[in-house]
Amino acid sequence: MKPDTELTPSRRSPAREHSLVRMLRRVAQLETNARRASARFTTWRLAIFAVGLFGSIIPHKLGWTLLGNATLAFSFMLFLIVAWHHNRLEDRLHRLRRWQGIKQVHLARMRLGWADIPFRPVPVPERHGYATDLDLAGPHSLLHLINNTVSSQGQERLASWLFDQPPEPAQWAVRQALIRELTPLSLLRDRLSLEAQAVEDADIDGRRLLAVLQKRVDSPSFMPMLLTETFLALATAGLMLTDLVYGIGNYWMLSFGLYAFLFLSVRSRSEEIFDHAQSLHRQLERLSAVIGYLERRSYRAAPRLAELCRPLLQQDTSPSTSLKQAASVMNRLSVRAHPLVHYLINAFGPWDLYHTYRLQHLQDRIAAVAPQWFELLAELDAAASLATFAYLHPDYPWPSLQQPDDAAHLNGAGPILDAQGLAHPLIPAKARVANHIVFQERGRMFLVTGSNMSGKSTFLRTIGINTCLAQAGGPVCAASFRWSLVRIGSCIRVDDSLDGGLSFFYAEVKRLKKILDSTRDMNRPPVLWLIDEVFKGTNNRERLIGGRAIIAALAGGNGFGLVTTHDLELADLERQLPTVTNVHFQETVAEGALHFDYRLKPGPCPTTNALRIMALEGLPVESPPSTTSR
């Protein structure tokens, strides 16, 4: 049960980190050179403008008209050429800065520099069993660290891999294979981020985009109205032209008045489309760029990625082209945001109705296949986040799943969780301490005792968060990790609920009852229970009675896990229950201060430190003796 820090990924990979640092230095130098070149282009543009202006005015003043016109034309053409090259340089500089930002965030993820890692809130399902206990969501959480998705559906998919566990074995195998294939493809992942964030930082809202693409604005009178307005617009133009040429009178005002009446009467029909068009056309452009990159890419060396992207490659019409056309139509419909321009354009013809009609045709073409595009994008987006996590931590191994059929051959031991050199991925590399833990049969329980602040709760979270990572398909912060799929049940952070009328103790009882009930289901995967300070919400006598009862019940159920406690009397259960083993964390005292090594040791804890902590903080308690005591 002793830790083996030599096998632990306790330090960041120096090669990967140094490579990122060197790359950022080169990028910074490239950015500096590009800014200098941009400044020179600006100077040239001003010089060309000045030369063209004076080079044409002066010859005209001297009567050299031909020379003046030639100078003006040459300067104008030269200005356009320089401006084109300048704009290309600015576009490249913008992308370079975006790429630099991506790499800076990668470096922050390696160093756990939380302030430099973008935080995007992820809703946790109500009354979720372990998400809060294991720091899966929220600031400085696992999702905060690994969430590199570019779409809302990708973020939801990544969260579901952590929240909805365990997966089916076949599903997990396909998922992990995809993540492992994506891990070395850093250029692909960076390009996806660059294309998706080319305009703004907001996520691609796949759910909303899909709803717009599938919901048609249609009515039986739509096409007759479009034809009627088109006829009236053409008639108005013809009558106006005839009046200008032949002076037949203002008959065009009659047709235009009827056209305006029809336009105002049907204007509300495209109101809903306009509401979407105004905010979504940029997202469609970004989505088109992402899918376009996937369409152009070669998949010879990435068979699993090729299988995932197959729906994009087997369409008669390029999906990126269809999405780009939809973005263009919505961009034209969004002209309604400028009332003066909107009315002016529609005065010449049925602009709104025509582009709504075009959007309907695009919807008819892509509505049935678009869900496949968003589904594969969500899967790829979530897998790419875990692949980036694996790429940034090459010293984190891939966990090995023990299939039920294979587990039966382990001398009848049943399910297993064997973690060597296990450490917490959210603790800085220089501060984390690794331990070993092995469960190899149902009912196996480690009863963890130890002093305050010695690391008991952190060790529970270390096991839980790495198990979540393994079952999501990602690498783990360990030397090795072999396990069978488990259901996770935890009781670590328990809060009283004023809205639900629950006291702290009653909320804890309900959590423990849920874990106990789940262990009675023998047809599902075993439960990994992680229980911190069992029944801490009641008095000593009842806590001991309840603790013995719940431990005995769990030891006979479908699962294995750990229970921490300050009640050293519970250590006697090791002699009564063959599947219970005592382990502990312990502190040392040096120069009047407490020191913790956070290493798991066999047996019950031989010391306590509550009174010593009170005395060190100046509370009026009798200072404990320097010798250890039970």
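Arg 310 is partly exposed, at a relative accessibility of 36%. This value, like the others in this report, comes from a predicted model. The partner of Arg 310 in a salt bridge is Glu 307, and their closest N and O atoms lie 2.6 Å apart. Glu 307 also counts as partly exposed, with a relative accessibility of 47%.

The pair belongs to a set of 19 salt bridges in the structure. Three of them are listed below.

| Salt bridge | N to O distance |
|---|---|
| Arg 310 and Glu 307 | 2.6 Å |
| Asp 517 and Lys 513 | 2.7 Å |
| Arg 304 and Glu 181 | 3.6 Å |

The salt bridge between Arg 304 and Glu 181 joins side chains at an N to O distance of 3.6 Å. Because Arg 304 sits in helix α11 (residues 303–308) and Glu 181 in helix α5 (residues 169–182), this pair ties together parts of the chain that are 123 residues apart in sequence. Arg 304 is partly exposed, its relative accessible area being 46%. Glu 181, in contrast, has a relative accessible area of 13% and is therefore buried, since the limit for that class is under 20%. Elsewhere, a network of salt bridges links Arg 95, Arg 191 and Glu 195.

The report now turns to helix packing. Two packed helices can be described by the angle between their axes and by the distance between those axes. Helix α16 (residues 370–392) packs against α4 with the axes 8 Å apart, at an angle of about 60 degrees. The two helices are therefore oblique to each other, and their crossing is right-handed. On the α4 side, the contact is formed by Gln 153, Gly 154, Arg 157, Leu 158 and Trp 161. The α16 residues that take part include Phe 374, Glu 375, Ala 378, Glu 379 and Asp 381. By class, the contact residues of α4 and α16 comprise seven nonpolar, three polar and four charged.

Gln 153 lies in helix α4 (residues 152–163). Leaving aside residues up to four places away in sequence, Gln 153 touches Phe 374 and Ala 378 as well as Gly 206 and Arg 207.

Helix α16 also packs against helix α6 (residues 186–196): the axes of α6 and α16 come within 10 Å and cross at roughly 130 degrees. This arrangement is therefore oblique as well, and the crossing of α6 and α16 is left-handed. Ser 186, Arg 189 and Leu 192 of α6 make the contact with Leu 380, Ala 384, Ala 387, Thr 388 and Tyr 391 of α16. The residues of this contact divide into five nonpolar, two polar and one charged.

In summary, α16 packs obliquely against α4 and against α6, with a right-handed crossing for α4 and a left-handed crossing for α6.

Notes:
Residues numbered from 1 in each chain as written. Predicted model: local features only at pLDDT ≥ 70, side-chain atom pairs only at ≥ 80, totals over all residues. Heavy atoms only, no water. Salt bridge = Lys/Arg side-chain N within 4 Å of Asp/Glu carboxyl O. Helix = DSSP H or I, 4+ residues; strand = E, 2+ residues; numbered from the N terminus. Buried < 20%, exposed > 50% of the residue type's maximum accessible area, 1.4 Å probe, protein only. Contact = heavy atoms within 4.5 Å. Axes fitted to C-alpha atoms, helices over the stretch in contact; angles between N-to-C directions. Parallel < 35°, antiparallel > 145°, perpendicular 65-115°, else oblique. Left-handed = near helix turned anticlockwise from the far one by under 90°. Nonpolar A, V, L, I, M, F, W, Y, C, P; charged D, E, K, R; others polar.
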